Amino acid sequence: MVRRIVVVGSGVMGRGIAYVSAAGGFVTMLVDIKEEQLQSAKKEIDAIFDKAVSLNKISEAAKLEAQARLSYSTNLAEAVQTADLVIEAVPEKLEIKKQIFETIDAHAPQACYFATNTSTMSPTEIASFTKRPEKVIAMHFFNPVHKMKLVEIIRGLETSDETAEVIQQVAEQMGKETVVVNEFPGFVTSRISALVGNEAFYMLQEGVGTPDQIDKAIKLGLNYPMGPFELADLVGLDTRLNNLKYLHEKLGEKYRPAPLLEQYVKAGRLGRKTGKGVYDYTNKE
Ligand SMILES: NC(=O)c1ccc[n+]([C@@H]2O[C@H](COP(=O)([O-])OP(=O)(O)OC[C@H]3O[C@@H](n4cnc5c(N)ncnc54)[C@H](O)[C@@H]3O)[C@@H](O)[C@H]2O)c1
């Protein structure tokens, strides 16, 4: 039974996962290498709790209980020593994920399950960094985690039925719907989303329209809840570029990242998290 969850990486996704984990009743620890990231995560998580109370989604008492279940640390090896499940949400770079999985494999109890929040990568390959591949799975959350209903669960080659069932139950206890699919680069959702988002950057580069015009056309004409540039800014342009590079390598030419996207990333325009991406957020909110 899963009671204690460690979330590794307190960026855009990790902080949201830590919130739904604590709100779902799990004793949760959020880990990052950067202390300032943890501080900003705590601020954002507390704001989400306050909003949930003001909207009558949870009571003040439930909020305080959930906050008491949540702690923060920069010491990964120590944090995972009593964990039942570790959910990794560090950048989409294989060498970083490898280092994390080797560390948690060395320090977590043998019974502990491992999940990766990768958007595109192979859970089989990630599992190969550990000596417990049957306990490793991909648990793909969506951004913003506290609002999005789905967790896409992707089994690796060696993932056991038991692991898949436990992870499905955990996601449900976090208030999410699940879909369990088989491994292929990009799974279901990232494969489509990366393609649409990349195509939008090619259109912008070709001068087909402004970001506003392209977003409006896609939202109102195709009934998407967000435009591709609004979504890219929310996801993070660096994360989107990393996803595309991986899919380009695995699935071929149609995923070649648009040069304009690469240019934005080089300029440090990473989206909402840096205040500027395709759109400028510095004078808003
Ligand atoms: N952003 C999205 O919309 C989204 C959606 C679904 C899945 N994902 C996936 O989730 C993962 C994380 O993405 P993100 O957008 O949250 O990234 P992010 O860049 O916002 O956050 C990553 C965090 O990991 C921390 N980190 C880096 N190295 C670390 C280490 N060795 N130990 C501990 N912490 C470390 C960083 O300090 C940072 O706080 C990626 O695999 C990404 O593909 C992202």
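Mentor: Happy to! Let's take residues 5–183, whose end C-alpha atoms lie 24 Å apart in this predicted model. That span is 43% helix and 21% strand. In UniProt, an unreviewed entry gives residues 5–183 the feature "domain: 3-hydroxyacyl-CoA dehydrogenase NAD binding".

With that label in mind, turn to the ligand. Around the ligand there are 26 residues, and those that come nearest are Asp32, Gln37, Glu92, Lys97 and Ser119. Sorted by class, the shell holds 11 nonpolar residues, 11 polar ones and four charged ones. The backbone takes part as well: a polar backbone atom of Gly11 is 3.5 Å from an oxygen atom of the ligand. A nitrogen atom of the ligand lies 3.5 Å from a backbone N or O atom of Ile33, while for Val90 a backbone N or O atom is 3.3 Å from a ligand oxygen. How much of the ligand does the protein bury? On its own the ligand would expose 830 Å², and the protein buries 91% of that. The elements giving two or more residues to this shell are α1 (12–23), α5 (94–107) and α11 (237–251). Of these, α5 supplies the largest share, three residues.

Is Ser21 buried or exposed? Ser21 is buried, because its relative accessible area is 0% and the cut-off for buried is under 20%. Beyond its neighbours within four places in sequence, Ser21 is in contact with Ile5, Phe26, Thr28 and Met174.

Ile5 then leads us on to Val27, since Val27 has contacts outside its sequence neighbourhood with Arg3, Arg4, Ile5 and Arg69. Val27 belongs to strand β2 (residues 27–31). To get a sense of scale, pick Val27 and Ile126: they are 99 residues apart in sequence and 25 Å apart in space, C-alpha to C-alpha.

Some backbone details deserve a look too. The peptide bond from Asn143 to Pro144 is cis, with omega near 0 degrees, and Pro144 lies in the loop between β6 (136–140) and β7 (150–155).

Finally, glance across to residues 186–281, which the unreviewed UniProt entry annotates as "domain: 3-hydroxyacyl-CoA dehydrogenase C-terminal". This span is 62% helix and 0% strand, and its end C-alpha atoms lie 29 Å apart. Phe187, in the loop between β8 (177–182) and α8 (189–205), has a positive phi near 50 degrees without being a glycine. Asn223 is likewise not a glycine and has a positive phi, of about 65 degrees; Asn223 is found in the loop between α9 (211–222) and α10 (228–235). Phe187 is buried at 6% relative accessibility, whereas Asn223 is exposed at 68%.

Notes: Residues numbered from 1 in each chain as written. Predicted model: local features only at pLDDT ≥ 70, side-chain atom pairs only at ≥ 80, totals over all residues. Heavy atoms only, no water. UniProt positions renumbered as here; feature names shortened; annotations may be inferred. Helix = DSSP H or I, 4+ residues; strand = E, 2+ residues; numbered from the N terminus. Near = heavy atom within 4 Å. Polar contact = N/O pair within 3.5 Å; in protein donor to acceptor, adjacent residues only side chain to side chain. Areas by Shrake-Rupley, 256 points an atom, 1.4 Å probe, with all protein chains shown as cover. Nonpolar A, V, L, I, M, F, W, Y, C, P; charged D, E, K, R; others polar. Buried < 20%, exposed > 50% of the residue type's maximum accessible area, 1.4 Å probe, protein only. Contact = heavy atoms within 4.5 Å.
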